[in-house]
Amino acid sequence: MLLLAKICEALLPLAYSAAVGAYALAFYRREEVFQRWTRPALIAALSVHTLLIYARTMYHGHCLVYTPFEMMTLISFTITLTYLIVELTTKERGTGMFFVGVALLFQIVSAMFAPGLEVAAANPVLLKDVVGLHISAALIGYTAFAMSAVYAVLYLMLYSRLKSNRFGTFFQRLPSLQLLEKMSDKSALIGLVFLTVAIAIAVIYLPAVLPNFSYSDPKLIATGMIWLVYAIALIARYVVRIEGRKVVILSLVGFVGTIFSMTVINLVLSGFHRFN
């Protein structure tokens with residue numbers, strides 16, 4: 001497993017770089033020959049990344065949430081997987097260069113520092129599979145929410161440019177407002193699904209694993225409120241059929257809450273979520 005992990009770690013930056021290059025050429029050149037190679041390059045990078053996560057998980061014997069640099073490879077994988085799902089459902093490849101580029105950056109940092117860290121320095125509770133699954137699901141959910149927020153910001157920027165009738169090359173090549181809104185919705189839906197899994201694990205399994213678990217923990221309450229905001233936004237979009245800036249702004253409100261939960265609440269107020 002260690003040999004497989006090392007091979008994948010060596011190949012993955014090259015695979016991601018090839019994917020970023022393909023998306024960059026497709027974004028700026030707008031030629032079919034370049035667009036045809038974007039998705040195969042992305043799927044190849046995602047396949048190598050899947051093998052890497054499998055090999056490292058089997059070798060270390062725990063989910064890759066033990067150190068910040070281990071989690072970075074999960075963030076990179078999540079960005080890539082979420083983007084691929086969004087691309088497949090919307091048939092739009094105009095933002096691949098940005099998200100795959102961010103995934104490449106996270107993976108490079110992870111590959112540079114994660115292998116040299118000793119896992120014995122961290123809290124042993126993180127070695128429990130149920131805790132690792134809880135953190136992994138929450139991490140995937142929050143990453144998808146961040147991508148939804150990026151699409152929302154791009155939507156508002158393009159909306160502003162349309163109103164002022166000012167365009168540059170960058171904005172001319174962005175997807176339409178309708179597509180950006182749809183991409184934001186798809187990312188938020190992925191985030192909501194994984195956050196639901198994280199909350200379910202926390203409520204059902206963590207009380208038996210963590211001795212200081214509390215249902216009144218501020219982080220758990222904040223996570224529930226974030227879940228509610230995104231659920232309302234998606235209901236407004238798909239059930240009530242509200243479209244445009246209102247839903248996008250509501251999604252951004254949820255992301256602000258996510259940032260607050262991951263910083264202030266996690267560092268200052270939370271109890272059982274503090275493992276160090």
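K91 is not a glycine, yet its phi is positive, at about 65°. With a relative accessibility of 63%, K91 counts as exposed; here buried means under 20% relative accessible area, exposed means over 50%, and partly exposed covers the values in between, with a 1.4 Å probe and protein chains only.

The model is a predicted one, in which local features need pLDDT of at least 70 and side-chain atom pairs count only at pLDDT 80 or more, whereas totals for chains, interfaces and linings use all residues. Residues are numbered from 1 along each chain as its sequence is written, and side-chain values use heavy atoms, with hydrogens and water left out.

The chain contains 10 helices and 0 strands, and its pattern, read along the sequence, is α-α-α-α-α-α-α-α-α-α. Of its 276 residues, 47% count as buried.

Two helix pairs that involve helix 3 were examined for their packing geometry. Axes are lines fitted to C-alpha atoms, for helices over the stretch in contact, and angles between N-to-C directions run from 0 to 180 degrees. Helix 3 (residues 68–90) packs with helix 7 (residues 177–204) at an angle of about 135°, and their axes lie 10 Å apart. Helix 3 is therefore oblique to helix 7, given that angles under 35 degrees count as roughly parallel, those over 145 as roughly antiparallel, those from 65 to 115 as roughly perpendicular, and the rest as oblique. The crossing of these two helices, helix 3 and helix 7, is right-handed; a crossing is given this hand if the near helix is turned clockwise from the far one by less than a right angle, and is left-handed if the turn is anticlockwise. For helix 3 and helix 5 (residues 129–164), the axes come within 9 Å and cross at roughly 55°. That angle makes helix 3 oblique to helix 5, and the crossing of helix 3 and helix 5 is right-handed.

Side chains of opposite charge can pair when their charged atoms come close. With a salt bridge taken as a side-chain nitrogen of Lys or Arg within 4 Å of a carboxyl oxygen of Asp or Glu, the count comes to 4 salt bridges. One of them joins the side chains of R56 and E9, with an N to O distance of 3.6 Å. R56 belongs to helix 2 and E9 to helix 1, so this pair ties together parts that are 47 residues apart in sequence. R56 is buried, with a relative accessible area of 4%, and E9, at 16% relative accessibility, also counts as buried.

Further salt bridges involve R237. R237 forms a salt bridge with E181, in which the closest N and O atoms are 3.4 Å apart; this pair links distant parts of the chain, with R237 in helix 9 (residues 218–238) and E181 in helix 7, 56 residues apart. R237 also forms a salt bridge with D185, in which the closest N and O atoms are 2.5 Å apart, and here D185 in helix 7 and R237 in helix 9 are 52 residues apart. Both R237 and E181 are buried, and D185 is buried as well.

L4 is found in helix 1 and is partly exposed, with a relative accessible area of 30%.

W37 also lies in helix 2 and is exposed, with a relative accessible area of 57%. The C-alpha atoms of W37 and A26, which are 11 residues apart along the chain, are separated by 8.8 Å.

Methods:
Helices (H or I, at least four residues) and strands (E, at least two) are DSSP runs, numbered from the N terminus.
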